[in-house]
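Subject: Structure for you to look at

Hi,

Here is the structure I promised to pass on. Have a look at it first, and then read my notes below.

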Amino acid sequence: MQIEILTREELHRFKSELLAEIKQTIRTDETLTNKQFLRSSEVRKLLNISSGTLQNLRIKGILPYEKIGGIFYYAHADIVQLLGEIGNS
C-alpha cells in the first residue's frame, strides 16, 4: 500500500470544494421542493431513482401523476407523502 502525504493547502482546497458541492446540492434541493409540481427528471433527481423505477411507481399507482402534452407532472405533496409512507414502513 502506497502512502500519500497531503499538505495543508491541499486539505483546505478539498474542504472548499466539498463545501461548494454541498451548498450547490442544498440549493438544488430547495428549488425542487419549493415547486408545487415537478417534472419526471426533477422527481428522479429528488428521489435518486431511475426512469424505469419512476415508471413502475406510475404503473402500480403508487405515485399519482398528471400527463399534460406528453409531459408527466407530479405533485410535490404526493412525493412527500410517499416518502413518509416509506419511512413509516
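Before the fold pattern, a word on terms: helices (at least four residues) and strands (at least two) are DSSP runs, numbered from the N terminus. Keep in mind that this is a predicted model.

With that in hand, the chain reads α-β-α-α-β-β-α along the sequence, with 4 helices and 3 strands. Of its 89 residues, 19% count as buried. The chain exposes about 7,300 Å², and carbon and sulfur atoms supply 54% of that area. As for contacts between residues at least 6 apart in sequence, 42% join residues at least 24 apart.

Now the inside. The largest nonpolar core has 10 residues: Leu 38, Val 43, Leu 47, Leu 54, Leu 57, Leu 63, Phe 72, Tyr 74, Ile 79 and Leu 82. Two or more of these residues come from each of H2, helix H3 (51-59), strand S3 (71-75) and helix H4 (76-88). Apart from neighbours within four places in sequence, Leu 63 is in contact with Val 43, Leu 54, Leu 57, Arg 58, Tyr 74, Asp 78, Ile 79 and Leu 82.

Ser 40 counts as buried because its relative accessible area is 14%, under the 20% cut-off. The side chain of Ser 40 makes a polar contact of 3.4 Å with the side chain of Tyr 74. Beyond its neighbours within four places in sequence, Ser 40 is in contact with Leu 54, Arg 58, Phe 72 and Tyr 74.

Is Glu 42 buried or exposed? It is buried, because its relative accessibility is 15%. Its side chain reaches the backbone nitrogen of Arg 39 at 2.8 Å. Glu 42 and Tyr 73 are 31 residues apart along the chain, with 9.6 Å between their C-alpha atoms.

Phe 14 has 51% relative accessibility, so it counts as exposed; the cut-off is over 50%. Together with Leu 18, Leu 19 and Ile 22, Phe 14 makes a nonpolar surface patch of about 360 Å².

Cheers

Methods: Residues are numbered from 1 along each chain as its sequence is written. This is a predicted model: local features need pLDDT of at least 70, side-chain atom pairs count only at pLDDT 80 or more; totals for chains, interfaces and linings use all residues. Side-chain values use heavy atoms; hydrogens and water are left out. Patches are made of residues with over 30% relative accessible area and no salt bridge: like charges are joined within 9 Å, nonpolar side chains (Val, Leu, Ile, Met, Phe, Trp, Tyr) within 5 Å. Accessible areas come from the Shrake-Rupley method with a 1.4 Å probe; for residues, only the protein chains shown count as cover. A salt bridge is a side-chain nitrogen of Lys or Arg within 4 Å of a carboxyl oxygen of Asp or Glu. Buried means under 20% relative accessible area, exposed over 50%, partly exposed in between (1.4 Å probe, protein chains only). A polar contact is a pair of N or O atoms within 3.5 Å; within protein, one must be able to donate a hydrogen and the other to accept it, and residues adjacent in sequence count only if both atoms are side-chain atoms. A nonpolar core is a set of buried Ala, Val, Leu, Ile, Met, Phe, Trp, Tyr and Cys residues joined through side-chain atoms within 4.5 Å. Contact means heavy atoms within 4.5 Å.
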